[in-house]
Amino acid sequence: MSTTAEPAATPGGSGPALAPMSQREVLQALSGLFMGMFVAILAATIVSNALPVIIPEIGGSQSIYTWVVTAELLALTVTVPLWGKLADLFSQKLLLQISFGLFVVGSLLAGFSQDTTTLIVARVLQGMGAGGLTALVQIVMAAMIPPRELGRYAGVFGAIFAVATVGGPLIGGVIVDTDWLGWRFCFLLGVPFTLLAMVLVQRTLKLPAVPRRKAMIDWWGALLITGGVSLLLIWITFAGDRYDWLSPETALMVGGTVVLLGLAVLVESRVAEPVIPLDIFRSRTVTLSVVASALVGVAMFGGTVFLAQYLQVSLGYSPTESGLLTLPLVGGLLVSSTVAGALITKTGRWKGWLVAGGVLMTVGFALFSTIDAQTSPWLLGVFMVVLGAGVGALMQNLVLAAQNDVPAHELGAATSVVSFFRSLGGTVGVSVLGALLATRVADDLSVLGPMEGGGEAAAPDMSALPEQVRELIRNAYADATAELFLIATPLAALALVVVLFIKEKALKTTSGAQRLAEEQQTLPLH
């Protein structure tokens, strides 16, 4: 399958000159992009407090509980680089609308599901749509806006991503606790907003036409990457639960992952248009941004997941209350991301924000390693602000650094690779840290003998237990959570070391679309 060349519109060429979009046009286009992005990311986290209600109602088991979460995250993670590559070959506006459409269909199907099979299929469709939006929104922003001006908008994007990720459980908890809404509204909530986003994007997004190279899509590379990453995530999800970390199943799945990804590297090194161009890793900035982004993913996803559980089990708050208590984390992310973006645009300097983010993230993890079952919520709020500010300064500016360092025709691939590894890091981090937490809790509660929920990572039913047992469980979960943050602290420090080696380069002053048009004058159309 190949693309068809679009009418050229190059500066100095035969077509009309490319003019930068005005600020008003940019803001109009971004309104639809950001609205769609928010509801897509929200879908991944909003169900966390609703699943204990959903699964029994549709006749699901504990394994189904896991798959409802895993299916969406898996589909999102493995499709991000595929969407990114397609964005380098096809109309980005068309791809955006396809992503919106997949998300709407998946949301409607999930909202009206009557059985677990339908729900899991719906979650896969939601994940595919969210994966497209995760990659394409950032790619389209880079196409419209020069890197020098992108900082302020990238800061807003990072804030939206963070608020949707952290605020999802709060919104889901409120919906579940509201009798006249019900759990189906968790899925249906985003549909009208996504439809409105589709209309806004269609009316306001006007990317300049540029020539596209005719190229075959690397289907073999896409298949091998998807298979290898899927097998890796499935292994991590179930290791320590369905089977031991050291077991025949582990050997088979890890071996299969190595073989599939090894073949993917071989294919990507030989095809003309690879899904993930290996030459982008020749850029030190891109490679280091990928490594740091994966480590930030652990902070972003792992921190929020285990904080919510700690607040509910160890401190005894309800789902809605625990969501409200995470607002300082949201506030830290929001302020840090937007302020950093605005100042990057004003000064053109960005590396200092990466370093500051790495320092704050490391300190935030270290502070959380001191928590116990008696920690004051006010003190937790301070810890959350520090951690949120660190993640906010780091997360989106790593994408900006990578986008600024690659040619325009590789913007899609570079953007999606950084986002892909952030999502992959989050998935791996949650699974591995969750397994460690379950093991630590089971060891601490072994004095009680076999007890339902005692050795699981999910919160046990505290109301059905005697006070002495509840006290033991509260302390066990608090100590285990503190230990996880202690383990995560050196990972955050490693992210800091990585960003120290990123070389700061002046931000470009022309948009991706303008640079692509200029590049196409020297690149052959084949």
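Leaving aside its neighbours within four places in sequence, with which residues is Ala75 in contact? In this predicted model, Ala75 has its place in helix H3, which covers residues 62-89, and once its neighbours within four places in sequence are set aside, the residues in contact with Ala75 are Val124, Gly127 and Met128. Ala75 is buried, with a relative accessible area of 8%. The C-alpha atoms of Ala75 and Ala130 are separated by 8.6 Å, although these two residues are 55 residues apart along the chain.

Gly132 is found in helix H5, and it is buried, with a relative accessible area of 0%. Apart from neighbours within four places in sequence, Gly132 is in contact with Trp83, Ser99 and Val137. The C-alpha atoms of Gly132 and Leu102, which lie 30 residues apart along the chain, are separated by 9.3 Å.

For the protein chain as a whole, the secondary structure comes to 18 helices and 0 strands. Of the 526 residues in the protein chain, 56% are buried. Among the contacts between residues at least 6 apart in sequence, 83% join residues that are at least 24 apart.

Two packed helices are described by the angle between their axes and the distance between the axes. Helix H14 (residues 351-368) and helix H15 (residues 377-404) pack at an angle of about 145°, with their axes 7 Å apart, and the crossing of H14 and H15 is left-handed. On the side of H14 the contact involves residues including Trp353, Gly357, Met361 and Phe368, while on the side of H15 the residues include Leu380, Phe383, Leu387 and Leu398. By class, this contact of H14 with H15 has 18 nonpolar, 5 polar and no charged residues.

H15 also packs with H16, the axes of these two helices coming within 9 Å and crossing at roughly 150°. Because angles over 145 degrees count as roughly antiparallel, H15 and H16 are described as roughly antiparallel to each other. H15 passes H16 in a right-handed crossing. The contact is made by Met395, Gln396, Val399, Ala402 and Gln403 of H15 together with Leu411, Thr415, Val418 and Arg422 of H16. By class, the contact of H15 with H16 has 5 nonpolar, 3 polar and 1 charged residues.

The residues that make the contact are Val229, Leu232, Leu233, Ile236 and Thr237 of H9, and Phe420, Leu424, Thr427, Val428, Ser431 and Val432 of H16. By class, the contact of H9 with H16 has 8 nonpolar, 3 polar and no charged residues.

How values were computed:
Residues numbered from 1 in each chain as written. Predicted model: local features only at pLDDT ≥ 70, side-chain atom pairs only at ≥ 80, totals over all residues. Heavy atoms only, no water. Contact = heavy atoms within 4.5 Å. Helix = DSSP H or I, 4+ residues; strand = E, 2+ residues; numbered from the N terminus. Nonpolar A, V, L, I, M, F, W, Y, C, P; charged D, E, K, R; others polar. Axes fitted to C-alpha atoms, helices over the stretch in contact; angles between N-to-C directions. Left-handed = near helix turned anticlockwise from the far one by under 90°. Buried < 20%, exposed > 50% of the residue type's maximum accessible area, 1.4 Å probe, protein only. Parallel < 35°, antiparallel > 145°, perpendicular 65-115°, else oblique.
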